[in-house]
Amino acid sequence: MKNKFNALLAYFNDLSFKYKTYFLIFIISGGMLCIIILSQISIFTIKQDFDILFDERTRSLIQLENIKDVYQVNIQNTLIDFEKKQINIQQTNEILDLAQEIINKNWISYKNQTKADNREFLSTFIKLFIIKEENYYENEALRNAIMENISNKMQLINQNIININSNMDEISFSNFNFQINSISIYLTSLINYDLSLAINEKHNTDKVFKIIVIFSIISIFIVFLFSIILSSFIINHFKQLHNSLEEKIKDKTKELQRLNNSLEIKISREVSQNRKKDIIMFQQARFASLGEMLNNIAHQWRQPLGSITMIIQSFQTKMSLGKLTPTFVDEKVNDALLLANNMSNTLEDFKNFFSPNKIKSEFSIKNCIEHSIELSKYLLNQENIIVILKVRKDMEIHSYYNELSHVFLNLIANSKDALCSNVNKNDRIIKIIVNKFKKHLVINVIDNGGGIPQNVLPKVFEPYYTTKYKSAGTGIGLYMSKQIIEKHMFGEISCKNISHKIKDDKVFDCSLFTIKIPISLD
Amino acid sequence: MINKDLNILRNFNVLYLEDDENLLKHTSDVLEDFVNNIFAVKTSKEALDVLLNKKVDVIISDILLKDENGIDFLKHIQSKNIHIPAILTTAHTDTNYLLDAIKLKVDNYIVKPINIKELLDSLHDVLLPLVQEKEIRKNKNVIKTISAITDSKQVEIVKYIINSLDKENLFIASYTDIMENFSISKPTLIKLFKDLAEKNILIKVQHKTYRFNENALENI
């Protein structure tokens with residue numbers, strides 16, 4: 001039994017949530033329906049039984065009682081009065097006729113009532129099948145016998161009444177009274193019988209009521225039980241669901257946290273990598289311009305070096321020819337010293353440029369640009385590029401000299417490359433215009449190298465973007481320049497293509513780089 | 001220091017094209033001791049001027065000149081049918097220039113800084129054929145002059161003997177062979193051979209075979 005119950009519980013437990021709720025709904029609605037039907041039945045049964053008890057039984061009893069009363073009071077009293085000659089025969093006859101009429105009427109209606117004994121279907125059904133109707137009080141034969149006796153007595157009394165005449169004797173009166181008394185007795189027994197029937201009926205009703213109540217209670221109990229069980233199942237289900245969800249959420253949260261942590265690590269790593277990359281990029285740019293500068297130094301050194309070599313050798317040849325005179329030596333030594341001094345100055349220039357001098361200093365923008373032009377002079381000369389510097393308003397700025405110089409070198413190198421590849425030797429011009437606009441220093445670098453192609457224009461400041469042949473550029477120069485101007489000097493750098501009368505009123509396609517630097521940060 | 005006979009340079013004029021003033025001056029100072037005349041110029045225009053007006057035997061040119069190119073200059077003068085040996089100097093070891101130089105049949109290519117010995121050597125190398133050519137022409141003239149004033153038949157036979165020498169300086173022939181080629185009397189021929197034998201120039205090794213002794217010529 002317990003196993004089965006457990007199995008059932010397990011079965012219910014295993015049911016899906018959907019079926020559990022269906023079950024709950026089904027049981028609650030079924031139980032409710034049961035309860036409603038049963039309560040309806042009990043109400044109707046009780047009502048019908050009341051009807052029977054109070055309407056039929058009571059009425060029939062009243063009718064019988066009436067008949068009895070009429071016999072005892074009207075007929076007997078009238079006969080007694082008639083016997084004592086207090087009323088005449090005519091009056092007696094009238095009263096007796098009236099009494100007889102009443103009796104007949106009541107009797108007929110009583111008889112009709114007992115015949116019309118139909119019951120409500122449902123209670124009949126219940127009484128028939130569910131309870132065993134206790135009919136031991138009911139005895140149709142006895143009742144019929146009593147009724148027949150009453151009918152016979154009635155007829156006898158009627159005959160007697162008809163026979164009532166002036167010549168009535170004592171015996172007939174006593175006989176008559178006896179008959180009336182006997183009929184009263186019969187009537188009383190019939191009443192008793194009917195009463196017992198009513199009591200029986202009442203018992204049955206009680207029984208039906210009890211059964212209905214029991215059924216109701218059982219059904220209520222079942223509904224209650226099932227509701228509770230199913231509710232508990234559903235609650236369990238919810239709990240499980242809740243638990244599993246909670247666990248899931250915990251898992252997910254943990255996962256998220258882990259992800260978050262790893263992301264944080266990743267981000268910090270990426271950030272540091274980015275920083276490293278930036279540093280490397282700066283270094284690369286430095287190296288790139290170092291290379292360019294080295295090229296410059298090499299060029300600027302080659303010539304004096306060649307001359308000095310020649311001077312040294314000239315001593316030897318003059319010596320071997322015996323033509324080495326003091327004047328010659330003096331002259332040559334002077335020349336050599338001059339050349340060596342020149343070389344030393346060149347080195348100094350570049351050394352200054354590359355010194356990691358990160359200190360802000362006060363310097364003239366004009367000097368800075370002139371110096372930058374000087375540093376790239378050799379290449380510019382070689383490519384026959386004319387640099388025009390127009391300083392409309394020179395001013396002292398407080399900034400990073402070397403970095404700014406670096407930017408100008410980059411721009412000049414860029415212009416140089418454009419000019420070399422696009423313009424013939426006689427028209428290569430770079431124009432640098434310095435001006436002051438409100439609180440900004442504005443430097444325009446213009447070259448007539450034909451401008452920058454539209455598809456390249458948005459990308460010129462991107463790192464590693466280069467249009468030049470691999471060996472010519474690293475693609476870092478302009479990116480570096482932008483970084484220096486924007487990050488270190490809080491300025492702006494932009495470029496566009498313009499048409500400009502750069503020389504002799506002749507219009508050229510030019511590219512224009514504009515640098516804006518705030519004059520004072522304070 | 002100087003192995004080659006640089007004295008041969010003394011008779012030649014050099015055009016030196018170099019845009020670096022210092023180098024031009026110092027190199028010229030050195031070179032002027034070795035050559036007849038040095039025309040030191042800074043531009044191709046000046047160089048062309050010199051070429052048209054002066055006798056130039058060799059050109060020394062830098063490749064990278066201000067606004068121009070030594071190779072272009074050489075091309076230009078070659079296109080004008082002026083063929084003068086040239087030496088290029090350059091700081092560039094660029095193969096592009098080298099290829100151009102080879103195409104132009106430049107005589108030498110000197111990388112800066114200039115080693116004066118190397119420059120003089122290559123000048124010598126360039127100019128030597130000119131000197132030799134001169135020398136040969138001179139000798140020819142001498143021989144021709146001598147043959148004009150002496151017996152021309154004997155000179156012709158000497159020529160024939162020298163031309164017929166084999167690898168070991170041996171001359172193989174009989175008098176009859178020679179007499180068949182030249183209309184010369186036998187006594188004259190015998191006298192000639194005898195003279196040569198006396199002076200140790202042509203020594204009889206065996207029958208019909210003579211050795212030509214070059215060293216004997218030095219002692220005459």
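**Sheet, helix crossing and chain contact in a predicted model**

User: Happy to look at this with you! In which order do the strands of the open sheet of chain B run?

Analyst: The sheet is open and has five strands, with parallel pairing; two strands pair if DSSP finds at least two bridges between them. Strands (E, at least two residues) and helices (H or I, at least four) are DSSP runs numbered from the N terminus. This is a predicted model, where local features need pLDDT of at least 70, side-chain atom pairs count only at pLDDT 80 or more, and totals for chains, interfaces and linings use all residues. Residues are numbered from 1 along each chain as its sequence is written, while chains are lettered from A and ligands numbered from 1 in the order in which they are written. The strand order in chain B is β2-β1-β3-β6-β7.

User: Thanks! Which strands of chain B stand at the edges?

Analyst: An edge strand here has a single partner, so one side of it is left without a neighbour in the sheet. The strands in question are β2 (37-41) and β7 (108-111) of chain B.

User: And which residue is the bridge partner of B:I60 in β6(B)?

Analyst: Strands β3 (residues 58-62) and β6 (residues 86-90) of chain B pair in the parallel sense over four bridges. In β6(B), the partner of B:I60 is B:I87.

User: Over in chain A, is α8(A) parallel or oblique to α10(A)?

Analyst: The axes of α8 (residues 365-375) and α10 (residues 401-422) of chain A come within 9 Å and cross at roughly 50°. Axes are lines fitted to C-alpha atoms, for helices over the stretch in contact, and angles run from 0 to 180 degrees between N-to-C directions. Angles under 35 degrees count as roughly parallel, over 145 as roughly antiparallel, 65 to 115 as roughly perpendicular and the rest as oblique. That makes α8(A), relative to α10(A), oblique.

User: Is A:D194 buried or exposed?

Analyst: A:D194 lies in helix α6 of chain A and touches A:R57, A:S60, A:L61 and A:L64, leaving aside residues up to four places away in sequence. A residue is buried if 20 or more other C-beta atoms, placed from the backbone, lie within 10 Å of its own, exposed if 12 or fewer, and partly exposed in between. A:D194 has 20 other C-beta atoms within 10 Å, so this residue is buried.

User: Last one: which element gives the most to the side of chain A that touches chain B?

Analyst: Residues are in contact if their C-beta atoms, placed from the backbone, lie within 7 Å. On that basis, 18 residues of chain A are in contact with 16 residues of chain B. The elements giving two or more residues to this side of chain A are α6 (170-321) and α7 (326-354) of chain A. With 14 residues, the most comes from α6(A).

Methods: Contact = placed C-beta atoms within 7 Å.
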